[in-house]
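Dear colleague,

I am passing on the structure we talked about, together with some notes on what turned up in it. Please look through the model first and then read on.

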Amino acid sequence: MEHSTPIDVVNEYLASFYSGDFTRAAAILAADFSFQGPFLSVEGRDGFLSGAQGLRPVVRGHRLLRQWQDGHEVCSIYEVDLSTLAGSGSVVMSEWHTVRAGQLASGRVVFDTAPFHALMPARRG
């Protein structure tokens with residue numbers, strides 16, 4: 001991806017991650033990738049992928065709504081399709097990425113957690 005634009009790198013990651021292809025997504029993340037979100041804040045690619053494993057069986061793709069680039073920074077607004085035992089639906093998310101040397105160096109995701117929780121099966125205690 002050395003000749004890719006920051007938007008190309010981000011879109012390759014989003015397509016990989018939200019199709020559940022974490023192996024392909026991992027190749028796009030820098031080893032020192034840092035992430036902040038409502039449910040997970042972590043330093044390091046491996047820690048991020050480990051923390052995100054719960055999403056792997058429920059993500060069913062995404063639709064890009066709007067995206068823009070400012071230098072090596074890319075902001076994306078998209079809908080994520082989820083399918084769980086509790087139901088199927090989509091959640092609107094916004095993610096801000098920093099791209100360095102053709103890989104994602106950092107990501108920060110923001111979304112309303114209520115629609116997300118509505119699609120997650122209730123945990124039995």
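Leaving aside its neighbours within four places in sequence, which residues is D81 in contact with? They are V58, V59, R60, G61, R63, G89 and S90, where contact means heavy atoms within 4.5 Å.

Before going further, please keep in mind that this is a predicted model, in which local features need pLDDT of at least 70 and side-chain atom pairs count only at pLDDT 80 or more, while totals for chains, interfaces and linings use all residues. Residues are numbered from 1 along each chain as its sequence is written, and side-chain values use heavy atoms, with hydrogens and water left out.

To stay with D81 for a moment, this residue lies in strand β4; helices (H or I, at least four residues) and strands (E, at least two) are DSSP runs, numbered from the N terminus. The side chain of D81 meets that of R63 in a salt bridge of 2.6 Å, N to O, the term standing for a side-chain nitrogen of Lys or Arg within 4 Å of a carboxyl oxygen of Asp or Glu. This bridge links distant parts of the chain, since D81 is in β4 and R63 in strand β3, 18 residues apart. R63 also forms a salt bridge with E79, with the closest N and O atoms 3.0 Å apart. Because R63 lies in β3 (residues 59-70) and E79 in β4, this second pair ties together parts that are 16 residues apart in sequence. R63 itself is partly exposed, with a relative accessible area of 36%; buried means under 20% relative accessible area, exposed over 50%, and partly exposed in between (1.4 Å probe, protein chains only). As for the position of D81 relative to V109, which is 28 residues away along the chain, their C-alpha atoms are separated by 16 Å.

By the rule above, the count comes to 6 salt bridges. Another of them joins the side chains of E12 and R24 at 2.8 Å, N to O, and this pair again links distant parts of the chain, with E12 in helix α1 and R24 in helix α2, 12 residues apart. E12 counts as partly exposed at 28% relative accessibility, and R24 counts as partly exposed at 35%. Salt bridges that share partners join E12, D21 and R24 into one network.

Turning to the sheet, 6 strands form an open sheet in the order β2-β1-β6-β5-β4-β3, and the pairing is mixed; two strands pair if DSSP finds at least two bridges between them. The edge strands, each pairing on one side only, are β2 (41-43) and β3. Neighbouring strands are turned by 25 degrees against each other on average, direction ignored, where axes are lines fitted to C-alpha atoms, for helices over the stretch in contact, and angles run from 0 to 180 degrees between N-to-C directions. Strands β4 and β5 run antiparallel and are joined by 12 bridges, and C75 has W96 in β5 as its bridge partner. Helix α1 packs on the sheet, where it touches β1, β3, β4, β5 and β6, and its direction makes about 165 degrees with that of β3.

The largest nonpolar core has 31 residues, of which Y13, F17, Y18, F48, L82, M93 and L104 touch the most other members; such a core is a set of buried Ala, Val, Leu, Ile, Met, Phe, Trp, Tyr and Cys residues joined through side-chain atoms within 4.5 Å. Its largest share, 5 residues, comes from α1. Not counting residues up to four places away in sequence, L82 touches V58, V59, R60, G87, S88, G89, V91, F116, L119 and M120. T84, which is placed in β4, counts as buried at 14% relative accessibility, and its contacts, with neighbours within four places left aside, are V58, L119, M120 and P121.

One backbone detail may deserve a look on your side. A101, found in the loop between β5 and β6, has a positive phi of about 50 degrees although it is not a glycine. Most residues other than glycine have a negative phi. A101 counts as exposed, at 79% relative accessibility.

With best regards
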